[in-house]
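Q: I would like to go through this structure slowly, beginning with the terms and then moving to individual residues. Could you start with what is meant by a partly exposed residue?

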Amino acid sequence: MNNFRVERDSIGEVRVPNWAYYGAQTQRALENFPISGRPVPRELIRALGLVKLACAQANMELGLLETRVGNAVVQAASEVMQGRLDGEFVVDVFQTGSGTSTNMNANEVIANRAVEILGGKRGDKSLVHPNDHVNMSQSSNDVIPTAIHVAAVGALEGELLPAMGKLQQVLEQKALEFDGVFKLGRTHLQDALPVRLGQEFGGYASQVAHAIVRIRSAIPSLLELALGGTAVGTGLNAPQGFAELAISRIRELSGHAFVQAPDLFEALGSKDGLVEASGQLKAFATSLMKIANDLRLMNSGPHGALGEITLPELQPGSSIMPGKVNPVIPECVMMVAAAVMGNDLTVCIGGQHGTLELNTMMPIMAERLLESIRILGNVCDVLADKCVKGIRANERRALSFIESSLALVTPLAPVMGYDAAASLAQEALRLGKTVRELAREKGLMPQEELDRLLDIRRLTGP
């Protein structure tokens, strides 16, 4: 039995596996780019299906695409949207920088599936042609950036932002729970004035809240679509009204307020919107790195270091030391943050390669941006559910650090003077006593005044 069929493209004949919906150009790309073994992200594949479906509907409405063929294309594109044909998208992410190979991968898969729907055999271009029918009124150069924007907005709104909102809420709940827990503040990793544990967690919640605002601020640029620009931004071969109709269908299918980019040369030649979005993801990754590191430090020990909080015990931490438990979730968060920072560099470099009329690093920019969105969303869920919700405060230990700290001399300085307060601190250190004990012994001020000045709640603000 012959396991291959022969297809032709503009270069010549190509043998394609009989089972494949993809065709000649995809097969060539599969052979030309044996680089990473990673195809383009599934989010982009499904966005491509949505864009192809919308374009087919627009072409039918304009009377350019015969209804019977158009309906088959719409059905096939819908199956791509649903992820039913993900296995057919085989082109490596490291490919032609315009993403033409992936666009043709989509065109061929949709065309051959449409041929099958119409009762034909895969590879019969006389029924449905990947370029003439599926790619009608389009170019890879406007379809790929359009699909990237559709995928990115869908992932941000559907995955990352809800996960960030949940993390913010959980942190805010902990801030309330820990409002009465007093601990030693630290600056430069040295003892500083007292704070409340709830204040620290409120700060973390605020970091996430600010990140949500920043990321939302990047979405308007992603709502601008390049569709209608075709090859170089002039719109050649895209008929009057096509882009407006297709983008209106994209809005309906996605539920997001996409519009045609006001300048199609900017939309094809630059990828500044992707760079902006990636930069905001990097900023959020920086926040997560700080939060994760703080949780590790406060949990450190539990006997040989701070031990001010206890993280949930999730798994054994050592293959040799029985009973050891490590802060695995914060460590996971830190690795995700590092990956996002690295991805941002790739996206930034990619954005610099909008040479003349076309950016030619779009596939890798899409992969790294979408990966950042995906792993940040996942790690927010994990951090909220498996770590923050279960944190316990070790109140007695935290309070003991405050009492033993020389920083407690600070509220006495306005009464005693800076130099006298510094001498008191140095003497307390030399004698192994607390500031409170030594001040009481010396009778430096009435007991009632000393207690008022060293009242921990007052020291931590309202």
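A: Relative accessible area, computed with a 1.4 Å probe on protein chains only, sorts residues into classes, with buried meaning under 20% and exposed meaning over 50%. A residue that falls in between is called partly exposed.

Q: What pLDDT do side-chain atom pairs need in order to count?
A: Residues are numbered from 1 along each chain as its sequence is written, and side-chain values use heavy atoms, with hydrogens and water left out. This is a predicted model, in which totals for chains, interfaces and linings use all residues and local features need pLDDT of at least 70, whereas side-chain atom pairs count only at pLDDT 80 or more.

Q: Which parts does the pair of Arg46 and Asp86 tie together?
A: Arg46, which is partly exposed at a relative accessible area of 30%, forms a salt bridge with Asp86, and their closest N and O atoms are 2.4 Å apart. The two residues are 40 apart in sequence, so the pair links separate parts of the chain, namely helix α2 (residues 42-61) and the loop between α3 (67-81) and α4 (100-117).

Q: Is Arg196, the partner of Asp179, buried or exposed?
A: Asp179 and Arg196 form a salt bridge in which the closest N and O atoms are 3.1 Å apart. Asp179 sits in the loop between α6 (140-177) and β3 (182-187) and Arg196 in strand β4 (residues 190-196), so parts 17 residues apart in sequence are tied together. While Asp179 is partly exposed at 28%, the relative accessible area of Arg196 is 4%, which makes Arg196 buried.

Q: What relative accessible area does Asp385 have?
A: The side chains of Asp385 and Lys389 meet in a salt bridge of 3.1 Å, N to O. Lys389 is partly exposed at 46%, and Asp385 is likewise partly exposed, with a relative accessible area of 37%.

Q: At what angle do helices α11 and α12 pack?
A: Helices are DSSP runs of H or I with at least four residues, strands are E runs with at least two, and both are numbered from the N terminus. Axes are lines fitted to C-alpha atoms, for helices over the stretch in contact, and angles run from 0 to 180 degrees between N-to-C directions. Helix α11 (residues 328-351) and helix α12 (residues 362-386) have axes 9 Å apart and pack at an angle of about 160 degrees.

Q: How are α2 and α3 oriented to each other, roughly parallel or roughly antiparallel?
A: Angles under 35 degrees count as roughly parallel, 65 to 115 as roughly perpendicular, over 145 as roughly antiparallel and the rest as oblique. The axes of α2 and α3 come within 7 Å and cross at roughly 165 degrees. That angle therefore makes the two helices roughly antiparallel.

Q: What is omega for the peptide bond joining Gly301 and Pro302?
A: Pro302 has its place in the loop between α10 (272-299) and β7 (309-310). Gly301 and Pro302 are joined by a cis peptide bond, for which omega is about 5 degrees.

Q: Near what value is phi of His188?
A: Most residues other than glycine have a negative phi. Ser137, buried at 8% in the loop between α5 (130-134) and α6, has a positive phi near 70 degrees. His188, in the loop between β3 and β4, is exposed at 77% relative accessibility, and phi of His188 is also positive, near 60 degrees.

Key
A salt bridge is a side-chain nitrogen of Lys or Arg within 4 Å of a carboxyl oxygen of Asp or Glu.
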